[in-house]
Each structure stands twice: as structure tokens, then as C-alpha cells.
Amino acid sequence: MDVDGASEVVDPMDEQPLETLTLSVLRTVKEARAQHGLRHQDYTRYRQYCTRRLRRLYKSLKVLHGRGKYAPAPIEAGNVQDARVLLLPLLCAERAWAYAMEDKQTGQGQESRLSRPKRLHMLKRLRKAASSSSELVRLAKERFDRQTALEAEGYEGGMHGTHLLEKEKDWNSALSKFVSARVAYTDLEEVAKEKAQELAKAAAAADQEKDPKARKSKLVVASEGMELVSLVKAKLEELGPAIRYCEYKLGDDGALAALEKEMRSKQKDGQGGSADILVASELQSSLMDAMHKERLAAEEADDGHPLVIE
């Protein structure tokens, strides 16, 4: 017997599963950096762009922080209905990273080493970027597809590795983070190649489409698959110098020569990524240290007197 006004009990099995979302982290970062200052290494302009876009996203997505002292609004993966929500932790990480690079760039223009206050602020910003990248991975794994999750994992590994590399203390952990990023991008490369093959078939079928709109749609999707493959290859190449620098710091002397050769090649070709920016500045000092030690060792061999090399 039904009772009027009684609340209906909803069976959990009747609830519709949430649609899996997707967002290209690599393409978003590449386009944002290229269009807003980083073509000319203008980190201030890029940081300001990230701030403005975050403000617009918070407003359009109605993610409110309340009044009074700022406290980040928690984002529950189960409540995410718009793929743009993933841009919030991504842009927070990019803004903090850009601020750190701005500090490093300013310090290098004045002296060989950053002042202590500037260095502490840079490390604080990198720690914030790494923390935001971890939030990015959490949301991507819980609410987005496998491709997005792998892109986020690679991004997180690179950001954590960059932070640890700049701390210049725990080289094992830095190497571990960069290697984890490489593993994620390697898995992503396989996914991208499979997707590109499927989309290549779709592109071939698009030539037989009579409808111009349908043909254009298939060709656009196919080009996106090929673009992902090239983006992943670029990220894998970017991680190489950082990994070899960490290996050198851990005692692999052969890694220094390989790193120098690779960095010079990239400078000649006009290439270089976020990790390269950090590694290049550290490489020069490491090369100078290695040359100094070799010179002292040669003098010791000539004189026959032992010299203490610090």
C-alpha cells in the first residue's frame, strides 16, 4: 500500500554511471605556453595569463572560496561534470612553476647564484606546483579517461622531479620522479600510436565520405591523434637531460659527457623544455667543477704531491 507524501527510495543500481571525461593536458600546456609569453621566455607574462584564466574559470564553473581568509575549495571527483575543472589544478601548477622560473631567470641575470631569499621563494613555488600536479593526477584518475590520466602522471613526475632537482639534495628521489614520468609517457606513447592507427583508418574512410562536414570531422580527429604522438616524443626527449644530470650527480661520470653533447645539440637546434631550462644552468657549473678537478689531478700527477680536491 502506497502512502501519499512518502519519499521514494532510489535504488543505487538505477543511477546512471558518470560519463568519462577527457582533456589533453599536453596540448593544453603546449598551446598556453606558446601563445602567452614562453616563446620569448617571458615567464611574468605567462604567470599573469594563468592568474587571469584561473579567475575566469572559477567564476564560470562557480567554484567559490567564500569570504575572509582564502581556503581552496575542495573538488570532489564525483561532482565533476565539466572537463574544464581539470584545468584548475593544472593552471595552479603552471602559475607556480612560471613564478619559480621567473625568480630563477631574474637571479641569473644578476649573478651566478640566486640570493637566499629568492632561492627559498623559488623552491616554495616549485613545491606548490608539485602539490597542484598531484591534485591534477587525483582528479584525472578518478574521473577522466586513461589517456588523460597518463598525461597527468607524466606531468606530475616532471614537476616533482624539477622541484627535487632544484633542491639539490635528494638526487635519488629526483631521478625516481623523472623516471616515473618517462614510464607514464612511454605508456602514453603506446596508447597514442594505437589511437593514431585507428584514426588513420578513419581518415582513409573520410575520403569516401560524401558529406563534407563528416569528412572534415574525421580528418580533424585523425590529425589530433598524430599530434599526440609528436607531443609525447617531445616530452620524452625533454626528460633525457634531467635524467642524465641526476645520474651524474649520483656518480655516473659518463652521464656528464652525454648530457653536455645533448644540451649543445638542443641549443643548436633551438629546442629545449622546462627541465632543460633548469639543467642547462646547473650543467655549466658542473662542467666547470669537473674541469677544475681534472686540472688539479693533472697537476698532482706532474708534481708527485697529493692535492686535496674538495
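Ser24 counts as buried (under 20% relative accessible area, with exposed set at over 50% and partly exposed in between, using a 1.4 Å probe on protein chains only), because its relative accessibility is 10%. The structure is a predicted model, in which local features need pLDDT of at least 70 and side-chain atom pairs count only at pLDDT 80 or more, whereas totals for chains, interfaces and linings use all residues. Residues are numbered from 1 along each chain as its sequence is written, and side-chain values use heavy atoms, with hydrogens and water left out.

**Overall architecture**

- The protein chain has 9 helices and 0 strands, where helices (H or I, at least four residues) and strands (E, at least two) are DSSP runs numbered from the N terminus.
- Of the 310 residues of the protein chain, 40% count as buried.
- Where contact means heavy atoms within 4.5 Å, 70% of the contacts between residues at least 6 apart in sequence join residues at least 24 apart.

**Helix α1 and its ends**

- Ser24 is found in the segment before α1 and caps the N-terminal end of that helix, with a side-chain oxygen 3.3 Å from the backbone nitrogen of Arg27.
- Within α1, which spans residues 25-35, the buried residues are Val25, Leu26, Thr28, Val29, Ala32 and Arg33.
- Seen down the axis of α1, these buried residues fall within an arc of 165°, so they line one face of the helix; the arc is that of the directions from the helix axis to the C-beta atoms.
- After α1 comes Gly37, whose phi is positive, near 120°.

**Packing of α1 against α5**

- The axes of α1 and helix α5 (residues 146-167) come within 8 Å and cross at roughly 55°, the axes being lines fitted to C-alpha atoms over the stretch in contact, with angles running from 0 to 180 degrees between N-to-C directions.
- The two helices, α1 and α5, are therefore oblique to each other, given that angles under 35 degrees count as roughly parallel, over 145 as roughly antiparallel, 65 to 115 as roughly perpendicular and the rest as oblique.
- On the α1 side, Val25, Leu26 and Val29 meet Thr148, Glu151, Ala152 and Tyr155 of α5.

- Gln41, in the loop between α1 and α2 (43-60), has a positive phi near 55° although it is a residue other than glycine, and its relative accessible area of 36% makes it partly exposed.
- Glu168, in the loop between α5 and α6 (171-206), is not a glycine either and has a positive phi of about 60°, while its 26% relative accessibility counts as partly exposed.

Notes. A polar contact is a pair of N or O atoms within 3.5 Å; within protein, one must be able to donate a hydrogen and the other to accept it, and residues adjacent in sequence count only if both atoms are side-chain atoms.
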